[in-house]
Amino acid sequence: MSETVLVPESVLEAVRDEIWEGLNRALPEVSPKYFYDRCGSELFEQITELDEYYPTRTERGLLERWAPALMERLRPASLMELGAGSAQKTRVLLDAMAQHVPGGHFVPLDVSGDFLAETARQLHLEYPGLEIIPEVADFTAHFQLANPLLRPALIALLGGTIGNFEAAEAVALLGRTRTMMQQNDTFLLGVDLRPGPGKTVEELEAAYDDDQGVTAEFNLNILNVLNDQAGTDFPLDAFRHRAFYDPTGGRIEMHLVATRAVDVQIPERGRVSFAKGESMRTEISSKYDRRTIEAMFGRAGLRMTNWLTDDRGRYALVLGVPV
């Protein structure tokens, strides 16, 4: 179970409004940002270590191959990671930064404050030569940093996280990131690629529906978070995990499917009913190719400067600069 979280009244009202609106759509859905309480963050870390979940180890391999030359060339005074979590893969960048930019700043930004505080404490021990400045914020919306970034800055969004947004929302996120950047700053993006000669649909789907059931537990935990944070009464035993690739949309979709008819109370809003077999979507994970990313960058005011993929063409790291 997730821990009970005390949510300010104004935030609670907004959360309930968002949940009510999402569950009353033609296709009911819940924002994936509610995955990440402490339990959800820990479960996701377990997912990244699964044999089936290739994106994390593939991205890490690319970072290990590229980070030293990248840091030597850019020499950023600060590195900010959006959605940092435990910053496990980011340590590859931090190792290179510590070597080439002594006295630099690392700004891990995440919505889960307790989890971020633990990450920051550990990083202080591991990188005494770097200044660690955690920022608690929701990067999916407009936010203000408590501390200004040192320039030049390298802003990173890793883990294929950009795929969790609809196309227009992804461009808007890139655009907000662009507004934070100055001319000498650089943006680093990790993207999962579409099935092709080096990656089958079956391999892709297995990454989101592992044999051990960790992803299923992660998906169901979102109901714990809603119950704790918004006072809903989702019964976890009334839903099961489902993940599949939609070739038309070029994306994985994760759903929770009702195993029986169930009514759910949204406090001060009303009840939402699910028939047996009806589902709510909890996440999309769009997959990309170079042309799509280049077009998204252009719409957001960014210019792609580098595109690096693994040998099988499953994953890419992308560098961009302000136009």
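Trainee: Is helix 8 largely enclosed or largely open?
Mentor: Helix 8 is largely enclosed by the rest of the structure, because 14 of its 17 residues are buried. Buried means under 20% relative accessible area, exposed means over 50%, and partly exposed is in between (1.4 Å probe, protein chains only). Helices (H or I, at least four residues) and strands (E, at least two) are DSSP runs, numbered from the N terminus.

Trainee: Where does the model come from, and how do I count residues?
Mentor: This is a predicted model, in which local features need pLDDT of at least 70, side-chain atom pairs count only at pLDDT 80 or more, and totals for chains, interfaces and linings use all residues. Residues are numbered from 1 along each chain as its sequence is written, and side-chain values use heavy atoms, with hydrogens and water left out.

Trainee: Back to helix 8, what is its reach from first C-alpha to last?
Mentor: Helix 8 covers residues 214–230 and reaches 24 Å, close to the 24 Å expected at 1.5 Å a residue. The expected span is 1.5 Å times one less than the number of residues. After helix 8 comes G231, with a positive phi near 80 degrees.

Trainee: And which residues of helix 5 are buried?
Mentor: In helix 5 they are F115, L116, T119, A120 and L123. They sit on the same side of helix 5, because they cover an arc of only 135 degrees around the axis. The arc is that of the directions from the helix axis to the C-beta atoms.

Trainee: Why would residues a few places apart point the same way?
Mentor: An α-helix has 3.6 residues a turn, so residues three or four places apart point the same way.

Trainee: What's on the face turned away, and what covers the buried side?
Mentor: The face turned away from the buried side of helix 5 carries the exposed residues D114, R121 and L125. The cover over its buried residues includes helix 2 (38–48), helix 4 (90–100) and strand 2 (105–110). Cover here goes by contact, meaning heavy atoms within 4.5 Å.

Trainee: Switching topic: is S285 buried or exposed?
Mentor: S285 counts as buried, at 4% relative accessibility. Its place is in strand 11 (residues 279–286).

Trainee: Which side chains does it make polar contacts with?
Mentor: The side chain of S285 has a polar contact of 2.9 Å with that of Y208, and another of 2.8 Å with that of K287. A polar contact is a pair of N or O atoms within 3.5 Å; within protein, one must be able to donate a hydrogen and the other to accept it, and residues adjacent in sequence count only if both atoms are side-chain atoms.

Trainee: What about D209, where is that?
Mentor: D209 lies in the loop between helix 7 (201–206) and helix 8. D209 is partly exposed, with a relative accessible area of 39%. Not counting residues up to four places away in sequence, D209 touches T215, H241 and A243.

Trainee: Last one: how many helices and strands are in the protein chain?
Mentor: The protein chain has nine helices and 13 strands. Buried residues make up 55% of its 323 residues. Along its principal axes, the C-alpha trace spans about 60 × 45 × 35 Å.
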